[in-house]
Structures are given as C-alpha cells and as structure tokens.
Amino acid sequence: MSQIDRRRFLVLGAGVVVGAGALPLLGCGSDPLTVSPTTTGGSLTTFRSPSEISSVDGLLETTLTAVSGMVPFGDSERWAYSYDGSSPGPTLRVKPGDLMRILVRNKLDNPTNLHTHGLHVSPEGNSDNVFVSIGPGEEFLFEIRLPENHRGGTYWYHPHRHGYVAEQVAGGMAGMILVEDDYDSDPVLAAATERVMVLNDPKIASDSSAFPTSMMDRMMGREGDLVTVNGVHHPRLSVSTGSLERWRLVNASSSRFYDLSLAGAPMMLAGNDGGLMGTPQEIDSLLLAPGERAELLVPVTDSGSINLHSHYYNRGGMGGSGSAGTTDLVTLEAVGAPAQAAVPTRIKGAEISPPPAITGRRSVEMSMSGMSFRFDGKTFDPARIDQHLVLGDVEEWTITNTSMMDHPFHIHVWQFQVTDASDRRLVSPGLKDTVVVPAGGWVKFVLNITDIPGRAVYHCHILDHEDQGMMGVFEATVA
Ligand code: C2O
Ligand code: CU
Ligand code: CU
C-alpha cells in the first residue's frame, strides 16, 4: 500500500464508515484499482441506476441544484459535487423535437454552467451555451430545443464553466441524456434490459479534500482513487440466461481512459457517440476516452459470471490510466439453464450513410509545453474566433497531436465520421463527437456543418487540459 493510500485509509477509518465495497479494498494491501472480486471478502454492492426524468408532451422541466456535500457511496457516503445530492445526476429521457427547460441553481463556491454533450442544438442564448457563467448563489434557466430530426442516442450533461470543469466533473457532476428514436422500437432491442452506466473515478474522502489536486495531476489529467459505475464501486447484479443486455455507457471521468473488455459473454458494439449503427458488430475490446459513449449489447446465454473490466491503458506522458493491471467495473451473475439470447443483426433505421462529398479541408494542431496546453499554438480566448465555418460546408478536418500524450478531441454541435487515423484502432465506425488523437499522431474526420449557426467550442476532453486552455472557438454562419 502506498503512503497516500494508507493516509486516505486512516482518514476514512476515522471519519466515516466506508462502503462495504471500498473498505476491504483499501485495507487489504493491494492497489484498490486492481483488486478482483474474489479478494473483496464476498461483499456485494448492488448495481444501481440513476433516477430518471422523462419529457411529457414535448417538455422536460427540471431543476438541477449544484451542491458540494456527502453522496451515497456503497453502504456509506463520500464527499462529492453533485446535482441535488446524487452523483450521477438524473437521467434525462427525451424525444426529437422536445424542449428541455432546466433551471440550474448554483450552491457551490465557484461558478458553474451546463453543457449537453453531443446534442445537435443551438449553442447560443440560453440554449447549450458554454459561455454562460452562473456565479455562486445564482441560477440560470436553460431552454434547449432538440430539432425534430435529432438522432436518437446516448448523450450526457456536465458543467462547462472554463477553469472549473475538471474539478466539477471529476467531483461527480454529470448525468445521462437519452434521446429516443424510432429504431429503439426494434422488437429485439425493445425486449433487451436497458442499463445506463456512467463511469467516473472520484477521489474518496469524507470532506472537500476530495477536490484539490496537484500541478502534476493537472498536467497529466487527474485520476481518482476508485472507478465507479453510477456512483457504485464494482457493482454486481444478477441476470437470467436467455436475456439480452443493452448497456449505454458514458466515460464521465475527467481524464481516465477505459480499455474495456468482457469476460463470460460476447460483447457487441451497437452504437457510439451519435447513436446506434445499422449493424451491431462483435468486438474484443473498446477504448472509451473521456466524453465518449458506447452502446453495447450482451447476450446472456450461459449461467456464471460475466465481468466487464478495464485494462491499463498508457495514454502517454508520464502516466497512464490506472495502475498496471485490470480494474473490474461490473460483474453479472447469470442464473438459469443455458438459453439463447436473441441479438439484432440489423437495426432498421439506424443505418448511417457515408458522409457527403468534401467541400473543403482544415487542419488543427494540439500541442503542449510545460503547463501550456494549446490549439494551433494558442491557449483559449473566449473573445477570439479560431475557426470560421459556413453552414452547408462538408469539411475534412485533420487533427494532429505534437505532444507526448493522447488527447481526446471533442467538438460541440455536430457529429463527425472518422475516416482515418495514425492508429487504425481509433477509426471507429458510426457518428462521433469525441475521438482520441494519439500522442505524436493524427486523426481525420468529415464534419458535415449543417443547420445550426452560432459560436461554440472544440477542446481536449481531458478536462484539466481544457481548463488550462486546450480549447478553441468556432463560429458557424449562414453562407
Ligand atoms: Cu463534454 Cu465541451 O464537452
Ligand atoms: Cu460537448
Ligand atoms: Cu489533453
């Protein structure tokens, strides 16, 4: 056990009763992130889903109050940032054409705001506007209208107030947004058990010492003590053979990458950032960088354990994601006699057409030197427009990364299609809004600049890097 772990253990031991999942891990002498279920003394923390709010007659109306304080953690509690005391926040379930009217109340000591990551909505006014700043004690009403033709999918919300994003997201402020689509009514899909999985890796403490982080952590991108799924460390749940699981994952960690694989059942990739794809495909592993989403289908055929785990991933620089070895995320106990589980071979209506012909090209460079994180040699300036875009253009963007660390590139308002990368593993199918640009490498994608004018941002989704200036501003105007 490292010095830091020992100190944290003592703090926890003195201050709070730690959840059944966590205390044996911290006390058993192994790294808390690499302990397998068999060494946790059989303690079992049940999988839990975030609460859910659905739109009614085209309107989703809610208040999200940003607070700092204790949240449930296993059988105990930990200090976190949250919306109304729960981390993750509620899942918001909406349909194309709906209006989301969300009042954000800020009870933190720092400014905050709200971003709907991945949604194709206006970035202006009181819509998905990241230039809004809600001071301590203030509130702001967001009104975000989804277009009628919005694609279904797994999106998410989190604060986006420059300078405070990493701390607030790592601290626990994030939630899922599910946009329903006609293709969700595919009979096989509709019969599946849907589960939201918000991945985060908070620091575990019983007071606000959970938040501050060192200069080195900010340079690398902070990583926490334990990996949690919907706020629970290594949840287990029991399922029946013959059933199909539909998992909707978001990496809501500030910096940690998850290199996912599944033991005990096949794992099918059915969708990612911008919704489902026409043909689910069986995969062995999936790299999920901060901000990225995945929809996985898991047919449960035989009884026994099914374990979703994450392998160590070296994201460059001086560190990696987690300690070497494997981290367990979720364990399913399948019960029942062997039974086939139906898997959709084709999801009608979810097919993604290839991008239209390119009308122009653009290159963007991500770089870092010391604590300076840049796009095209410049740190973020909200008053500067870095990319002038014209609605109707279809651009091929080449993002290069001259630094020694991977950076997940994210752009607001539109989804893109990755066409090539220096590391072929990163050429993921489907629609994406976030893609890893490998250290010393590059990625190419096609961005179809449609419909929505306005000023918004693109940035590294290692949120410490974004907070330190690895963010640029674009403005899209009508031709
Ligand atoms: Cu997930 Cu600009 O953010
Ligand atoms: Cu975003
Ligand atoms: Cu970065």
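Two strands are taken to pair if DSSP finds at least two bridges between them, and strands (E, at least two residues) and helices (H or I, at least four) are DSSP runs numbered from the N terminus. On this basis, in the predicted model described here, the bridge partner of His407 in strand E28 is Val437. Strand E26 (residues 407-411) and E28 run antiparallel and are joined by four bridges. Strand E28 spans residues 434-437 and is covered on both faces, with Thr434 and Val436 buried on one side and Val435 and Val437 buried on the other. Buried denotes under 20% relative accessible area, exposed over 50%, and partly exposed the range in between (1.4 Å probe, protein chains only). In a regular strand the side chains alternate between the two faces of the sheet.

Because the model is predicted, local features need pLDDT of at least 70 and side-chain atom pairs count only at pLDDT 80 or more, whereas totals for chains, interfaces and linings use all residues. Residues are numbered from 1 along each chain as its sequence is written, chains are lettered from A and ligands numbered from 1 in the order in which they are written, and side-chain values use heavy atoms, with hydrogens and water left out.

The chain has a mean pLDDT (the predictor's confidence in each residue, from 0 to 100) of 90, and 89% of its residues reach 70 or more. Over residues 1-42 pLDDT stays under 50. The secondary structure comprises six helices and 31 strands, and 59% of the 479 residues are buried. Among contacts (heavy atoms within 4.5 Å) between residues at least 6 apart in sequence, 77% join residues at least 24 apart.

Donors are N, O and S atoms within 2.8 Å of the metal (3.2 Å for Na, K and Ca); water is not among the atoms, so sites may look incomplete. The copper ion (ligand 2) is coordinated at 1.9 Å by His115 (NE2) and His410 (NE2). His115 lies in strand E6 (residues 115-117) and His410 in strand E26, so this pair ties together parts that are 295 residues apart in sequence. Both histidines, His115 and His410, are buried.

Leu276, in strand E17 (residues 275-283), is buried at 1% relative accessibility. Beyond its neighbours within four places in sequence, Leu276 is in contact with residues including Arg151, Tyr183, Glu295 and Ile352. The C-alpha atoms of Leu276 and Glu295 are separated by 7.3 Å, although the two residues are 19 apart along the chain.

Ser87 and Pro88 are joined by a cis peptide bond, with omega about 0 degrees, and Pro88 is in the loop between strand E3 (76-83) and strand E4 (91-94). His234 has a positive phi of about 45 degrees and is buried, with a relative accessible area of 4%. Asp451 has a phi near 65 degrees; this residue lies in the loop between E29 and strand E30 (454-460) and is exposed, at 52% relative accessibility.
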